[in-house]
Amino acid sequence: MGRLVGKHALVTGGSSGIGLETARQFLAEGAKVAITGRSQDGLDQAKRELGDGLLTFRADASDLSAHAIVVDELSSAWPAVDILMCNAADPTQLPFEEWTPDRFDRLVATNLKGPFFLIQSLLPFFARPASIILIGSVSALIGHRHSTAYGATKAGLTALAPGLSYELKERGIRVNSISPGPIVTNAFKALDPAVRDALYEEFARQVPIGRNGQAIEIAKAAVYLGSDESGFTVAQLIRIDGGLGHVAVG
Ligand SMILES: NC(=O)c1ccc[n+]([C@@H]2O[C@H](COP(=O)([O-])OP(=O)(O)OC[C@H]3O[C@@H](n4cnc5c(N)ncnc54)[C@H](OP(=O)(O)O)[C@@H]3O)[C@@H](O)[C@H]2O)c1
């Protein structure tokens, strides 16, 4: 029997990469799944791939009024939300000198403020028990090129897990984070393919086990955190990064 039978899961940023693969694995384990994304084409493609049972919502993770609509529509479609995965993110990486206050505000609005208030607006609607999964990044833990602002937003996001686990424990809600290392997804689709390949090769050389990760390797951990198997796992940061920062390279 599926590990998520009877559960309802919302995955933000679910039309590509880690979010799409997680939606696929959640469905395979018996959950009902809803995803968000900004591009209607991306959402339609995900529905074609994962089937008509998938609910899709066009909503920007930084837009609090869009969240209100998602919560409203989900609450009429589902009895409750058992799993929330905050996965949508602005991946912008820039040299420190190039950040402007507006761009910085957009990054924080998408990667930190949006998820914070999405969780707040879902509060009346969470099942008991429920599991919240926050997708961080190795960039929050290890400094690297152009990663300062992005890494700081991810550090902020994953730092919500201990505080929220405390504040929400009486409601039966657990909050944990996953910190992916370099994972092959569409995150760099805007780059020229040759530049993108070179970037992934450079990442792979930095990973102690000598390769980049696959979205399914994150999605499987999300299945664990979303399921009742992880009932004693609270406020943890699970690093899935090929040993980056823990194991020497070479
Ligand atoms: N790939 C990596 O190496 C890596 C490493 C560490 C952490 N992560 C984290 O993993 C998560 C998923 O990344 P990914 O690599 O799977 O990226 P991806 O393949 O580019 O997918 C990103 C997904 O999020 C959606 N999205 C982006 N911005 C959004 C917004 N403002 N509001 C709503 N949806 C939005 C995208 O759809 P639309 O564009 O249509 O909105 C898409 O469905 C992110 O939190 C990222 O920071 C990734």
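Q: Which of the 31 residues around the ligand come nearest?
A: This is a predicted model, in which local features need pLDDT of at least 70 and side-chain atom pairs count only at pLDDT 80 or more, while totals for chains, interfaces and linings use all residues. Residues are numbered from 1 along each chain as its sequence is written. A residue is near a molecule or strand if its C-beta atom, placed from the backbone, lies within 6 Å of it. Of the 31 residues around the ligand, those that come nearest are Gly 13, Gly 17, Arg 38, Ala 89 and Thr 185.

Q: Which elements give two or more residues to the shell around the ligand?
A: Helices (H or I, at least four residues) and strands (E, at least two) are DSSP runs, numbered from the N terminus. By that assignment, the elements giving two or more residues to the shell are helix 1 (17–28) and strand 2 (32–37).

Q: Which element gives the largest share of the shell around the ligand?
A: By class, the shell has 11 nonpolar, 17 polar and three charged residues, where Ala, Val, Leu, Ile, Met, Phe, Trp, Tyr, Cys and Pro count as nonpolar, Asp, Glu, Lys and Arg as charged, and the others, Gly among them, as polar. The largest share of this shell is three residues, and these come from helix 1.

Q: What radius of gyration does the protein chain have?
A: The protein chain has eight helices and nine strands, and its C-alpha atoms fill a box of roughly 50 × 35 × 35 Å along the principal axes. The radius of gyration is taken over C-alpha atoms, and the globule rule is 2.2 Å times the number of residues to the power 0.38. For 250 residues a compact globule would come near 18 Å, which agrees with the value for this chain, 17 Å.

Q: What percentage of the contacts with a separation of 6 or more in the protein chain comes from residues 24 or more positions apart?
A: Two residues are in contact if their C-beta atoms, placed from the backbone, lie within 7 Å. Among the contacts in the protein chain with a separation of 6 or more, residues 24 or more positions apart account for 72%.

Q: At which residue does helix 4 bend?
A: Helix 4 (residues 101–122) has 22 residues and reaches 29 Å from its first C-alpha to its last, close to the 32 Å expected at 1.5 Å a residue; the expected span is 1.5 Å times one less than the number of residues. A bend is the angle between axes fitted to the seven residues ending at a residue and the seven starting there. In helix 4 this angle is about 45°, and the residue is Ala 109.

Q: Which elements are included in what covers the buried residues of helix 4?
A: A residue is buried if 20 or more other C-beta atoms lie within 10 Å of its own, exposed if 12 or fewer, and partly exposed in between, with C-beta atoms placed from the backbone. The buried residues of helix 4 include Leu 107, Asn 111, Pro 115 and Leu 122. What covers the buried residues of this helix includes helix 3 (64–77), strand 4 (81–86), strand 5 (126–135), helix 5 (148–158) and helix 6 (160–168).

Q: Which peptide bond is cis, with omega near 5°?
A: Most residues other than glycine have a negative phi, and most peptide bonds are trans. Pro 129 lies in strand 5, and the cis bond, with omega near 5°, runs from Arg 128 to Pro 129.

Q: Is His 146, with its positive phi, buried, partly exposed or exposed?
A: His 146 lies in the loop between strand 5 and helix 5 and has a positive phi of about 65° although it is not a glycine. Because 15 other C-beta atoms lie within 10 Å, His 146 is partly exposed.

Q: How many C-beta neighbours does Ala 235 have inside 10 Å?
A: Ala 235 lies in the loop between helix 8 (215–226) and strand 9 (237–240), and its phi is near 60°, a positive value in a residue other than glycine. Ala 235 counts as partly exposed because its number of C-beta neighbours inside 10 Å is 17.

Q: How far apart in space are Ala 248 and Val 81, C-alpha to C-alpha?
A: Ala 248 is in the segment after strand 9 and is exposed, with 6 other C-beta atoms within 10 Å. Ala 248 and Val 81 are 167 residues apart in sequence, and their C-alpha to C-alpha distance in space is 41 Å.
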